[in-house]
Amino acid sequence: MGKGIVDELKKEFSLEDEWLAYQLRPETPKEGILLTTLFPGADLTQRYESLNRAGEPYGIHFAHLERVRNSQSALEAAEYAKDVGKFHEFHERVFHAYFTELQDIGNVDLLAAWAQEIGMDAGSLLDALKTGMYKDRLEEAHRSAVANTITAVPTFIIEDSIKLVGAQPISVFKQKLLSLEK
């Protein structure tokens, strides 16, 4: 949903966005973790109703995810996409695959297929993942997140001074951006 917020804000404000990889649950095993295990007793139906209300203005629909997946490979693939000028397209494709299609974003073959769909070289991506080419970059992003006390996604940092956590209403972002213009 962060991308939808940023895209909407770009219609009114001159913004440059920089996306940093942050793995929320690096301990997640390859097969994932059931949401009912992560959030025992939580009303997940209500959670998805809330998410869908928040995502509606941006054309985002959340299916009922049952399992959190390990995102390490997807984050590394997104770094590759940055390097080849396809980050936003790749990010959007993976987001849709995970939250709407309920696909496993830890599956490197799926990542390669999605990369190819948007015009990236799937073989080069797989080579980069196999060699761990972007692991250092992800570790640096993690250190930066820790230094900025980031513990949730999305987290927005504006001009190194304002931190907004979560998909807040667009009015909150506009208010903060307008306060910087004064």
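Which residues does S73 touch, not counting residues up to four places away in sequence? The answer is G106, V108, L111 and L129. Contact here means heavy atoms within 4.5 Å. S73 is found in helix α4. Helices (H or I, at least four residues) and strands (E, at least two) are DSSP runs, numbered from the N terminus. S73 has 18% relative accessibility, so it counts as buried. Buried means under 20% relative accessible area, exposed means over 50%, and partly exposed lies in between (1.4 Å probe, protein chains only).

A word on the model comes next. It is predicted: local features need pLDDT of at least 70, side-chain atom pairs count only at pLDDT 80 or more, and totals for chains, interfaces and linings use all residues. Residues are numbered from 1 along each chain as its sequence is written, and side-chain values use heavy atoms, with hydrogens and water left out.

Now turn to helix α6, residues 108-117. Its residues L111, A112, W114 and A115 are buried. They cover an arc of only 165° around the axis, so they lie on the same side of α6. The arc is that of the directions from the helix axis to the C-beta atoms. An α-helix has 3.6 residues a turn, so residues three or four places apart point the same way. What do the buried residues of α6 pack against? They pack against α4, α5 and α7. The face turned away from the buried side carries the exposed residues D109, Q116 and E117.

Look at the two ends of α6 as well. At its start, a side-chain oxygen of N107 reaches to within 2.8 Å of the backbone nitrogen of D109. Just after α6, G119 takes a positive phi of about 95°.

L111 also belongs to the largest nonpolar core, which has 40 residues. A nonpolar core is a set of buried Ala, Val, Leu, Ile, Met, Phe, Trp, Tyr and Cys residues joined through side-chain atoms within 4.5 Å. The residues with the most contacts inside this core are F90, V94, L111, M120 and L164. Take M120 as an example. Leaving out residues up to four places away in sequence, M120 touches Y80, A81, V84, K86, F90 and A115.

Next come the rings. How many aromatic pairs does a search of the whole structure find? It finds seven. Rings of Phe, Tyr and Trp (its six-membered ring) pair if their centres lie within 6.5 Å; planes under 30 degrees apart count as stacked, over 60 as edge-to-face and the rest as tilted. W19 and F87 form a tilted pair, 6.3 Å centre to centre with 40° between the planes. W19 lies in the loop between α1 (2-10) and β1 (33-34) and F87 in helix α5 (residues 87-99), so the pair ties together parts that are 68 residues apart in sequence. Both W19 and F87 are buried.

Y80 and Y134 form an edge-to-face pair, 6.5 Å centre to centre with 80° between the planes. This pair links distant parts of the chain. Y80 is in helix α4 (residues 72-83), and Y134 is in the loop between α7 (122-131) and α8 (135-147), 54 residues apart. Y80 counts as buried at 10% relative accessibility. Y134 counts as buried at 3%. Elsewhere, ring pairs link F62, F95, Y98 and F99 into a cluster.

The charged end of K82 sits over the ring of F87, 5.5 Å from its centre. R47 lies over the face of Y48, at 5.5 Å from the ring centre.

W19 has another partner to note. H91, in helix α5, is in contact with K3 and W19, leaving aside its neighbours within four places in sequence. H91 and K3 are 88 residues apart in sequence and 8.9 Å apart in space, C-alpha to C-alpha.

Finally, check the backbone. Most residues other than glycine have a negative phi, and most peptide bonds are trans. L102, in the loop between α5 and α6, has a positive phi of about 60° although it is not a glycine. E159 has a positive phi near 55° and is exposed, at 63% relative accessibility. A cis peptide bond joins V153 and P154, with omega about -5°.

Technical notes:
A charge sits over a ring if NZ of Lys or CZ of Arg is within 6 Å of the ring centre and within 35 degrees of the ring normal. A polar contact is a pair of N or O atoms within 3.5 Å; within protein, one must be able to donate a hydrogen and the other to accept it, and residues adjacent in sequence count only if both atoms are side-chain atoms.
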